[in-house]
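Please examine the sequence and the model before reading the solutions.

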Amino acid sequence: MVGPDNALPGGSTPVLEMPFFHRVLGDRFDRQFEGAEVIHLAMGCFWGAEKLFWQTPGVLLTSVGYMGGYTPNPTYREVCTGRTGHAETVRVAYDPDAISTDEIVRLFFENHDPTQGMRQGNDVGTQYRSAIWCTSADQLITATRVRGEYQADLLNAGYGQISTTIEMAESPFYPAEAEHQQYLQANPQGYCPVHATGVCLSH
């Protein structure tokens with residue numbers, strides 16, 4: 001991981017011009033939903049991860065961006081150098097009355113390989129690491145519990161230790177460029193494989 005002293009300097013303005021409207025769900029990215037919760041999920045390439053969640057009932061809005069690093073307003077090219085500290089991340093706003101945090105976190109773990117460290121398949125680098133950034137203590141508790149439950153299932157299936165970090169969202173989420181938002185809607189043949197282990201959460 002790059003450190004704050006040798007991270008790229010970044011930019012002074014966001015790389016995504018607003019207003020921007022979700023290509024599938026139609027809402028403005030800055031719409032606030034009453035009673036909604038927000039969680040940030042890094043699980044490798046963010047194109048396929050975002051599609052997984054925008055297709056999930058109870059999810060209100062998704063966007064892709066960069067989080068967990070040091071460089072302000074980074075570009076995709078900068079993040080891919082590994083010198084920003086950021087991970088490719090999906091911001092998920094959801095209705096907790098329609099889908100639980102448990103279910104969101106289960107989908108997260110079951111749809112990538114959280115034991116690979118700084119990679120997912122052929123995508124190698126710190127930007128592809130597995131991480132959850134929470135916006136409430138309840139999310140943090142739930143995500144930590146589900147990680148422990150899934151760890152047992154992975155060990156039983158012959159996999160190693162989960163490398164997913166789970167933290168409160170103390171650093172900003174920087175939305176990615178327009179061409180990366182809902183990428184697989186704009187590019188249906190786009191390359192973004194799912195690196196799921198096939199192991200389902202047993203609890």
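The model is predicted, so local features are read at pLDDT of at least 70 and side-chain atom pairs at pLDDT 80 or more, whereas totals for chains, interfaces and linings use all residues. Residues are numbered from 1 along each chain as its sequence is written, and side-chain values use heavy atoms, without hydrogens and water.

**Exercise 1.** State how many salt bridges the model contains, and characterise the pair D30 and R28.

Solution. Step one is the criterion: a side-chain nitrogen of Lys or Arg within 4 Å of a carboxyl oxygen of Asp or Glu. By this rule there are 6 salt bridges. Step two is the pair: D30 and R28 meet at 2.9 Å, N to O. Step three is accessibility, where buried means under 20% relative accessible area, exposed over 50%, and partly exposed in between (1.4 Å probe, protein chains only). D30, at 39%, is partly exposed, and R28 is partly exposed at 35%.

**Exercise 2.** Locate the salt bridge between E103 and R106.

Solution. The N to O distance is 2.5 Å. Both residues lie in helix 3 (residues 101-110), 3 residues apart, about one turn; helices are DSSP runs (H or I, at least four residues) numbered from the N terminus.

**Exercise 3.** Is E149 buried or exposed, and which residues share its salt-bridge network?

Solution. E149 pairs with R145 at 3.3 Å, N to O. R145 and E149 are 4 residues apart in helix 4 (residues 137-156). E149 is buried at 18%, whereas R145 is partly exposed at 36%. Salt bridges with shared partners join D102, R145 and E149 into one network.

Technical notes. Helix = DSSP H or I, 4+ residues; strand = E, 2+ residues; numbered from the N terminus.
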